[in-house]
Amino acid sequence: MNAPEPIQFAPEGPQPLLREIAPGAAYPLEHLGPLRPAVEAVRGMAQAPLAIPAASALSVASLAVQGFADVETLGGPRPLSLYALTIARSGERKSSCDGPLMAALRDFEREQARAQRDAVTSWQNAQALWKGERDRILREAGKGKGEKRTAAQADLDALGAEPVAPPSGDRTVSEPTFEGLTRLFATGQPSLGVFSDEGGQFLGGHAMNSDNRQKTLAALNNLWQGSPIQRTRAGDGHATLFGRRLSMHLMVQPSVARAFMADRMAADTGFLPRFLICEPPSTIGTRFHATARSDGGALGDFANRLRAILDRPLPMDADTRELSPRILPLSPEARGLLVRFSDAIEAEQAPGGDLAHVSGYASKAAEQAARIAGVLVLWQDLDARAVTAQDMGNGIALAQFYLREAVRLADAATVSQEIDRAESLRKWLLEGWPHPEIMVRDVVRLGPNPLRESPKARAALSILESHGWLVPLEAGTVIRGAARAGAWRIVKGSENVV
């Protein structure tokens, strides 16, 4: 009997440093309540991932209603403000999803801008008259004493305060600095939104540079909580702005999102866990004209509802522009659902639990559920008396989806600096290094800038060795004319490690 042929073993080649991210769960469309028809209409037209128009609709609805009420949560009343971070690569039709849902808001802002121009002209005339009269009174007072000065003081009191410039009608900004956002809150509307389909420009802009990042993160955290804005400026002194609300929707590309989610400051300050984060699977390659669908009726209904809410005056003080939102309570049944959801999430945060490593996101899940439920309720009816059990069920389902997405993406983003450096070294070795071998001193002298120190270079080389991109050579191997104590042979991606 012949011996069986030996099984040929083909060793596995070099392994990627960054693995593909596992796909997420399907978006729970059925729990979008009154927003569902518009979201389905946008998806039908753009054929984009469902989560993109869903996040847009939630964010627009949050901006629309956040000034009218705070929702009851297990920790007390909280704003209806939502922060959303949607991750999608170029070509996923992010703008095509955002545009139809923002159209009525843009029309409203254009109308407000025209009205403000007329109001500014009237204000400038009134201010000129006020200043002329004030200057006249002061001149007269300067010519006399005693009774004239007393009379001048009475005239100034009668003249009153300087006319105030009309507020800006803008409701949205795209790349604000903290100072610019604060100024707009002081001189414009008390309910604003940061909306950008190129959110990388905001995350990589002036507001988030190394000098301003901590200040910006703290300010945006406070606004999510509904805390007052502390405003201190040279020349203007100190002021506190109460009753301001901010919603946010940033659409970013995966590379930007990875860096942002790996930023320890963004995570440690609690900024990231305040976001509803998702990265839906791509639909590129499946968006054929034959399968596109149009539903102008649903989008028309959404636009009409948005415009009706925007036309309704915000509950605020006329002088300070401080919002006075009412409290939207939870029905007993809704509260019971939220308690059970909160307890279940809390149990999973225990050591060894599924959510122990993302407690920042998990600890906010119940509040996110209440906020989402409140947004859906007021979008349907600004005068609604309470959040029902059905509303809360929708909020919980959506909050669970976003929590699962946060867990999935946070796991993918927890890439150490050493892995990042190793990846930059790998690319440099394959694309820019002309020799088949590499030594530590080569990397320190000529490699990527972050590796110009021996310990960092050695760590990166060790990682590449463990992933099969480098093979250690025996001590004394002759490399470029000399025996070397330590070196590696570079493995190209198509090679097998032997």
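Strands (E, at least two residues) and helices (H or I, at least four) are DSSP runs numbered from the N terminus. The model is predicted, so local features need pLDDT of at least 70 and side-chain atom pairs count only at pLDDT 80 or more, whereas totals for chains, interfaces and linings use all residues. Residues are numbered from 1 along each chain as its sequence is written, and side-chain values use heavy atoms, with hydrogens and water left out.

Strand E3 (residues 83-87) pairs with E9 in the parallel sense over four bridges; two strands pair if DSSP finds at least two bridges between them. Within this pairing, Thr86 stands opposite Cys278 and Ala84 stands opposite Leu276.

## Strand E3

Five of the five residues of E3 are buried, so the strand is largely enclosed by the rest of the structure. Tyr83, Leu85 and Ile87 point one way, while Ala84 and Thr86 point the other way. E3 also pairs with strand E8 (residues 245-252), in the parallel sense and over five bridges. In that pairing, Ala84 stands opposite His249.

## Nonpolar cores

The largest nonpolar core has 111 residues, and those with the most contacts inside it are Tyr27, Leu220 and Leu246. Such a core is a set of buried Ala, Val, Leu, Ile, Met, Phe, Trp, Tyr and Cys residues joined through side-chain atoms within 4.5 Å. Leaving aside neighbours within four places in sequence, Leu220 is in contact (heavy atoms within 4.5 Å) with Tyr83, Leu181, Phe202, Met208, Leu246, Met248 and Phe271. A second, separate core of 20 residues includes Leu17, Leu429, Trp433 and Ala457. In soluble globular proteins, nonpolar side chains tend to be buried together.

An open sheet of three strands has the order E2-E1-E10, and its pairing is mixed. Strand E2 (76-79) and strand E10 (326-328) are the edge strands, each pairing on one side only. From one strand to the next the twist averages 45°; axes are lines fitted to C-alpha atoms, for helices over the stretch in contact, and angles run from 0 to 180 degrees between N-to-C directions. E1 and E2 are joined in the antiparallel sense by four bridges, with Glu72 standing opposite Pro77 in E2. Helix H13 (residues 365-380) lies across E1, E2 and E10 and runs at about 140° to E1.

Asp70 lies in strand E1 (residues 69-73) and is buried, with a relative accessible area of 10%. The side chain of Asp70 makes a polar contact of 3.0 Å with the side chain of Arg245. A polar contact is a pair of N or O atoms within 3.5 Å; within protein, one must be able to donate a hydrogen and the other to accept it, and residues adjacent in sequence count only if both atoms are side-chain atoms. Beyond residues up to four places away in sequence, Asp70 touches Pro77, Arg78, Pro79, Arg245, Pro325, Arg326, Ile327 and Leu328.

## Helix H1 and Arg43

Helix H1 (residues 36-46) has Ala38, Val39, Ala41, Val42, Gly44 and Ala46 as its buried residues. Arg43, also found in H1, is partly exposed, with a relative accessible area of 29%. Not counting residues up to four places away in sequence, Arg43 touches Leu29, Ala48, Leu50 and Pro53. The C-alpha atoms of Arg43 and Cys97 are separated by 7.4 Å, although these residues are 54 residues apart along the chain. Just after H1, Gln47 takes a positive phi of about 55°.

## The sheet E11-E15-E12

Three strands form an open sheet in the order E11-E15-E12, with antiparallel pairing. Strand E11 (437-438) and strand E12 (470-472) stand at the edges with a single partner strand each, so one side of each is left without a neighbour in the sheet. E12 and strand E15 (residues 488-490) run antiparallel and are joined by three bridges, with Val471 opposite Arg489. Helix H17 (residues 454-466) lies across E11, E12 and E15, running at about 100° to E12.

## Confidence

The mean pLDDT of the protein chain is 87, and 91% of its residues reach 70 or more; pLDDT is the predictor's confidence in each residue, from 0 to 100. Over residues 6-11 the pLDDT is below 50, and this stretch has two contacts in the model beyond near neighbours in sequence. Where pLDDT is low, the predicted coordinates should not be read in detail.

Technical notes
Buried < 20%, exposed > 50% of the residue type's maximum accessible area, 1.4 Å probe, protein only.
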